Amino acid sequence: MKYGISHYIYVYVKAINKANIKFVFDAFKKGGIKRVRSEMRDFQYRVDGKDYFPLDKPEVYELVEAKKLDSFRKLSIKVEENPTVSIIIPAYNQFEYTYNCIRTIIERSGSVKYEIILADDVSTDFTVDISQVISNIRVVRNAENLRFLKNCNNAAKHAKGKYILFLNNDTQVQDNWLEPLVELIERDDSIGMVGSKLIYPDGNLQEAGGIIWGDAPGHAWNFGNGQNPVKPEFNYVKEVDYISGASIMIKKDLWDEIGGFDEYFAPAYCEDSDLAFEVRKRGYKVMYQPLSVVVHFEGKSNGTDLSSGLKKYQVENSEKLMKKWSEEFKKQSQNELDLFHAKDRSQNKKTILVIDHYVPQYDKDAGSKTTWQYLKMFVSKGYNVKFMGDNFFRDEPYTTGLQQMGIEVFYGPWFAQHYEAWIIDNQDNIDFVYLNRPHITEKYIDFIRNKTNIKCIYYGHDLHFLRLKREYELLGDEKLLAESEDWKKKELDIMHKADMNYYPSYVEIDEIHDIDKNIPAKAITAYVYERFREDIDMDFAKKEGILFVGGFGHPPNEDAVLWFAKEVYPIIRKKQNIPFYIVGSNPTDKVKKVHGDGIVLKGFVSEEELQNLYNNCRLVVVPLRYGAGVKGKVVESLYYGTPMVTTSVGIEGIQGAEDFMEVADDAEGFASRVLSLYNDSDRLKKTVLDYQKYVKDNFSVDAVWKIVEDDFN
């Protein structure tokens with residue numbers, strides 16, 4: 001043990017305040033130093049990390065026992081002839097809980113079409129008259145007390161929805177809880193059942209998916225119980241062993257095929273775990289959706305005493321579960337030592353840790369879009385993908401975007417301070433580290449090479465020293481030459497340490513091998529597309545304007561726009577009045593000054609607006625005068641099918657580009673190419689077809705995977 005309890009108390013008090021000394025002592029009594037470390041970490045998220053982790057209290061309606069039914073405000077459920085979801089709420093008394101549960105459903109379910117079926121198991125309180133205060137609720141009232149499992153099965157027979165969602169009556173759903181469940185289950189045909197994040201009324205986590213350990217009956221975890229629900233490990237879509245039955249949604253066809261909850265587990269408990277095994281038996285996945293948040297007043301329905309009431313069946317049914325699924329239990333993670341894989345059922349997957357400067361902002365720069373698309377490709381190929389940004393920010397909406405892909409994103413002060421320890425602790429579970437950009441990679445590669453056994457793959461995005469050298473040759477600034485030489489040393493040092501090096505252009509690979517032919521390096525495709533355009537409008541008479549797209553945090557883009565605006569565009573304007581649109585984040589002061597006289601500086605635009613511009617502009621220009629590697633903006637124009645004129649720098653790395661792309665390097669020639677192509681409808685149409693064929697042949701997931709597959713096996 002490196003430190004004693006006094007050290008942890010000192011650190012804790014110094015970080016927070018003396019009023020919490022008792023908390024540390026209590027944690028020590030419960031579980032020694034390990035418990036103190038764990039709970040201090042949790043508190044660091046809450047206190048030190050308040051900028052990253054604002055702890056909003058869940059919105060929960062107060063439960064006040066009323067003596068008269070008419071004291072409850074009347075509610076109305078919208079009637080849907082063809083509901084998407086049938087929400088089944090099993091209830092036995094506890095009217096106040098049921099009422100407030102339904103109240104939150106009505107207020108917080110967005111545009112999803114649903115029906116509510118109340119499965120009343122012979123209640124004796126106001127529940128028997130619930131239709132008097134909640135109109136359009138469908139009530140299935142049992143003639144005798146069936147208890148939980150059979151009550152649910154009976155009510156499900158009346159469901160009209162495409163999906164059946166079982167929701168405990170002692171729950172209150174939070175804003176936008178339902179749509180994420182529907183979106184997830186419809187995203188992938190292999191998903192059969194999905195479930196919500198469950199939290200307690202005080203804001204602490206009840207469960208982020210369930211884990212069933214294979215070493216003993218009843219050895220199961222509500223993953224994350226009692227912790228902060230906004231921590232990274234609880235907020236990504238993932239496959240799980242089971243979802244607690246307080247909020248689970250299943251395809252109705254699959255439910256019917258299975259035959260509902262197995263009455264072997266009647267009257268209650270373990271039926272949700274058993275259902276998850278049944279779903280997997282039929283080739284479907286059980287998934288956790290963190291965006292669906294449900295507050296659960298646990299224990300209000302059946303209590304918490306394992307020796308009495310329905311709760312006593314929890315122990316008995318755990319043994320039944322292990323007996324029924326004995327062969328499957330052998331495949332489960334056997335104990336807590338394998339939590340890394342157990343929390344997302346990744347036992348049979350290889351793990352890739354991707355490190356970049358920050359969560360990729362796919363709509364702001366080409367490098368981020370490349371990282372984003374490669375992350376998607378790794379997920380689609382079945383890898384367990386983790387992402388760490390060097391700034392450790394939770395940057396929205398981009399972080400949630402990755403989490404919804406199924407990627408665990410590491411952020412917050414704890415990871416910023418302990419990422420090395422985390423990597424060392426998990427090195428046997430991480431197969432590859434995929435490092436991006438030299439200025440980020442130089443911070444991590446020595447540590448990974450010297451302290452772990454993980455394979456390092458490096459993606460440089462472009463050769464910085466080559467780009468700077470070309471800028472020097474264009475502008476003659478000696479500082480650029482010195483900077484180029486400095487980057488050359490850094491980049492070559494990284495390349496010699498990495499197991500494999502990627503660059504987006506064969507030109508860059510040739511440059512590397514001219515220096516050292518022994519460096520392991522290959523050219524990869526900058527962009528990766530899962531689907532291709534089938535709806536390109538070929539009526540160019542309706543289209544107007546010239547478009548440039550590129551983020552201005554990248555110096556070559558500023559130079560390109562200024563050269564085009566000052567040297568090329570005036571030539572075009574003398575002959576034809578064509579508007580020129582400039583799109584890109586962070587425009588510089590120099591770029592801002594070119595706005596006007598036919599030039600429209602739009603700056604940053606949304607993905608939707610960008611797509612509209614690609615669709616409605618007749619031509620794209622990529623007037624780059626220096627740079628290195630395949631240019632993302634060129635590939636993007638090929639993908640959207642918008643004809644373009646570019647330079648020899650712009651087409652670099654795109655093999656065969658001279659055969660179907662318009663290229664010019666001087667102002668007069670560039671302007672001439674723009675005007676000629678802009679006014680030739682037949683050539684524009686042929687260009688679109690050429691672009692689409694080239695993109696499909698070279699930028700599909702399968703085409704890209706063929707290049708890198710061996711490096712990840």
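The side chains of Arg108 and Glu59 meet in a salt bridge, with 3.3 Å from N to O; by salt bridge I mean a side-chain nitrogen of Lys or Arg within 4 Å of a carboxyl oxygen of Asp or Glu. Arg108 lies in helix α3, residues 95–108, and Glu59 in the loop between α2 (21–46) and β1 (75–76), so this pair ties together parts that are 49 residues apart in sequence. Helices (H or I, at least four residues) and strands (E, at least two) are DSSP runs, numbered from the N terminus. Arg108 is buried at 4% relative accessibility, whereas Glu59, at 43%, is partly exposed. Buried here means under 20% relative accessible area, exposed over 50%, and partly exposed in between, with a 1.4 Å probe and protein chains only.

Before I continue, please note that this is a predicted model, in which local features need pLDDT of at least 70, side-chain atom pairs count only at pLDDT 80 or more, and totals for chains, interfaces and linings use all residues. Residues are numbered from 1 along each chain as its sequence is written, and side-chain values use heavy atoms, with hydrogens and water left out.

How many salt bridges does the structure hold? The count is 46. One of them joins Lys369 and Glu636, at 2.5 Å from N to O. This pair links distant parts of the chain, with Lys369 in helix α11 (residues 366–380) and Glu636 in helix α21 (residues 632–640), 267 residues apart. Lys369 is buried at 9% relative accessibility, and Glu636 is buried at 5%.

Next, Asp702 forms a salt bridge with Lys381, their closest N and O atoms being 3.4 Å apart. Here, too, distant parts of the chain are linked: Asp702 belongs to helix α24 (residues 701–708) and Lys381 to the loop between α11 and β16 (384–389), 321 residues apart. Lys381 is partly exposed, at 30% relative accessible area.

There is also a network of salt bridges, which links Glu257, Asp262, Asp274, Glu278, Arg282 and Lys324.

A search of the whole structure finds zero disulfides, a disulfide being a pair of cysteine sulfur atoms within 2.5 Å.
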